[in-house]
Amino acid sequence: MIYLDYQATTPLAPEARDAMLRWLDGPDGTGFGNPHSAHRMGRQAAAAVELARDRVAALFPAGGKVIFTGSATEAINLAIRGTASRGGTVSVSAIEHAAVLDTAKSCGKWHELNVAQDGQCNVKQDPPSDTRLICVMQVNNEIGTIQPTLDWHRRAKEMNALYLCDAVQAYGKMEVTGADMIAISAHKFHGPKGIGALWVRDGLELEEVQTGGGQEFGLRSGTLSPALCAGFGAAAKEAKDRMAQDAEHIEQLWSRARELFSDWTLNGSEDARWHGNLNIRREGLDVARLMSDCRNVMFSAGSACASGSGRPSHVLKAIGLSDEEAKSSIRLGFGRYTTMEQIEEAAQAINTAAKEQGL
Ligand code: PLP
């Protein structure tokens with residue numbers, strides 16, 4: 001099987017797996033302690049959690065704190081709901097992930113920021129003057145476009161608003177730039193599923209949205225999993241150590257993939273884009289048939305989170321594609337562990353299947 005769905009999730013790095021095992025051991029080991037217990041086993045587990053926190057923090061701007069959560073979705077909920085008492089409008093780009101869009105919509109007044117045909121949400125537009133929070137993601141999960149986050153952070157400051165950046169698809173791959181709050185997820189950069197984090201800049205107070213034992217600075221109650229934290233931390237360390245090497249590998253895969261799919265139309269910007277995301281379309285393509293004909297290639301029709309709904313992707317619609325164009329699009333995602341041979345084999349299978357549809 002060829003895995004080309006790196007935006008949905010990524011393979012667990014061996015380094016992350018190794019780091020987790022010590023904290024998963026059973027009755028004969030000492031790794032299963034509760035990190036919130038005061039005894040020795042608890043303190044050892046707590047030390048593992050804090051090492052992981054430092055490793056995750058090393059890829060964020062200096063200062064601020066890392067709050068572990070169960071997912072990026074939970075981190076985003078904490079950011080949006082934890083600032084809701086400020087009142088006012090939440091302004092979100094039209095291509096945000098459902099975790100942002102639906103949470104903003106459920107929190108009262110919200111406003112959609114426009115996105116141009118190339119997938120860019122630029123600052124030459126006016127959010128409502130009572131905007132309290134601006135949410136513009138760093139890298140889009142469906143079309144990979146990189147947003148001008150520094151401009152939006154500046155704009156939010158000018159408006160006396162806060163800025164939340166969903167950096168789920170950027171963290172570990174490129175520099176994560178300034179914001180008031182940044183949400184990430186471990187499984188998108190070779191860490192385990194079931195853990196995410198919200199980075200919050202110094203001086204910003206949030207209100208808790210989940211009550212209980214008061215863990216995570218009183219903001220996210222619930223016992224942490226040292227194993228998940230350790231895997232998250234190890235994945236962050238690995239990503240930091242090999243960021244340039246990973247990026248170079250992905251550039252090579254991208255160049256080859258662009259040649260192999262030269263008959264297809266690219267959705268979104270070519271340059272302001274994470275090159276591990278190839279979202280392309282072919283007029284008249286039956287994507288369901290293509291996927292069934294290429295069962296050995298794991299790829300996505302639109303976003304993995306939205307696929308299955310039958311509705312055309314809100315991201316592709318926001319950049320001006322018709323329903324037909326959106327429905328004839330596929331997303332190929334590749335990364336650290338993808339080989340050139342896999343890209344070539346997948347392209348051969350996909351292009352042959354498209355030809356069989358008369359394209
Ligand atoms: N934001 C973006 C851009 C994503 O791609 C995803 C997952 O696909 C999420 C948020 C939600 O992440 P999680 O699965 O950790 O809740």
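Me: Leaving aside its neighbours within four places in sequence, which residues is T103 in contact with?
Reply: This is a predicted model, so every answer here describes a prediction. T103 lies in helix 4, which covers residues 98–105. Once the neighbours within four places in sequence are left aside, the residues in contact with T103 are N77, I80, R81 and A98.

Me: Is T103 buried or exposed?
Reply: The side chain of T103 reaches the backbone oxygen of A99 at 2.4 Å. For the accessibility itself, a residue counts as buried under 20% relative accessible area. Because T103 has a relative accessibility of 4%, it counts as buried.

Me: Which strands does helix 4 lie across, and at what angle does it run to strand 3?
Reply: Helix 4, the helix that holds T103, lies across strand 3 (89–93), strand 4, strand 5 (131–135) and strand 6 (162–166). Its direction relative to strand 3 is given by an angle of about 155 degrees.

Me: In what order do the 7 strands of the open sheet follow each other, and which are the edge strands?
Reply: The 7 strands form an open sheet with mixed pairing, in the order 2-8-7-6-5-3-4. Neighbouring strands in this sheet are turned against each other by 20 degrees on average, direction ignored. An edge strand here pairs on one side only, and this applies to strand 2 (65–69) and strand 4 (110–113).

Me: Which residue of strand 8 stands opposite K65?
Reply: Strand 2 pairs with strand 8 (residues 196–200) in the antiparallel sense, over 5 bridges. Within strand 8, the residue that stands opposite K65 is V200.

Me: In the open sheet of 3 strands, what is the order of the strands?
Reply: The pairing in this sheet is antiparallel: strand 9 and strand 10 pair over 2 bridges, while strand 10 (residues 277–281) and strand 12 pair over 5 bridges. Strand 9 (265–266) and strand 12 are the edge strands, each pairing on one side only. Helix 7 (residues 243–260) packs on the sheet, touching strand 9 and strand 10. The order of the strands is 9-10-12.

Me: Why is strand 12 described as largely enclosed by the rest of the structure?
Reply: In a regular strand the side chains alternate between the two faces of the sheet. In strand 12, S329, R331 and G333 point one way and I330 and L332 the other way, and all are buried. Strand 12 (residues 329–333) is therefore largely enclosed by the rest of the structure, the number of its residues that are buried being 5 of the 5.

Me: How many residues does the largest nonpolar core have?
Reply: In soluble globular proteins, nonpolar side chains tend to be buried together. In the largest nonpolar core here, the residues with the most contacts inside it include V56, F60 and I182. Helix 6 (residues 226–241) supplies the largest share, 6 residues, and at least three residues come from each of domain 1 and domain 2.

Key
Residues are numbered from 1 along each chain as its sequence is written. This is a predicted model: local features need pLDDT of at least 70, side-chain atom pairs count only at pLDDT 80 or more; totals for chains, interfaces and linings use all residues. Side-chain values use heavy atoms; hydrogens and water are left out. A nonpolar core is a set of buried Ala, Val, Leu, Ile, Met, Phe, Trp, Tyr and Cys residues joined through side-chain atoms within 4.5 Å. Buried means under 20% relative accessible area, exposed over 50%, partly exposed in between (1.4 Å probe, protein chains only). Helices (H or I, at least four residues) and strands (E, at least two) are DSSP runs, numbered from the N terminus. Domain bounds come from an automatic or database domain assignment. A polar contact is a pair of N or O atoms within 3.5 Å; within protein, one must be able to donate a hydrogen and the other to accept it, and residues adjacent in sequence count only if both atoms are side-chain atoms. Contact means heavy atoms within 4.5 Å. Two strands pair if DSSP finds at least two bridges between them. Axes are lines fitted to C-alpha atoms, for helices over the stretch in contact, and angles run from 0 to 180 degrees between N-to-C directions.
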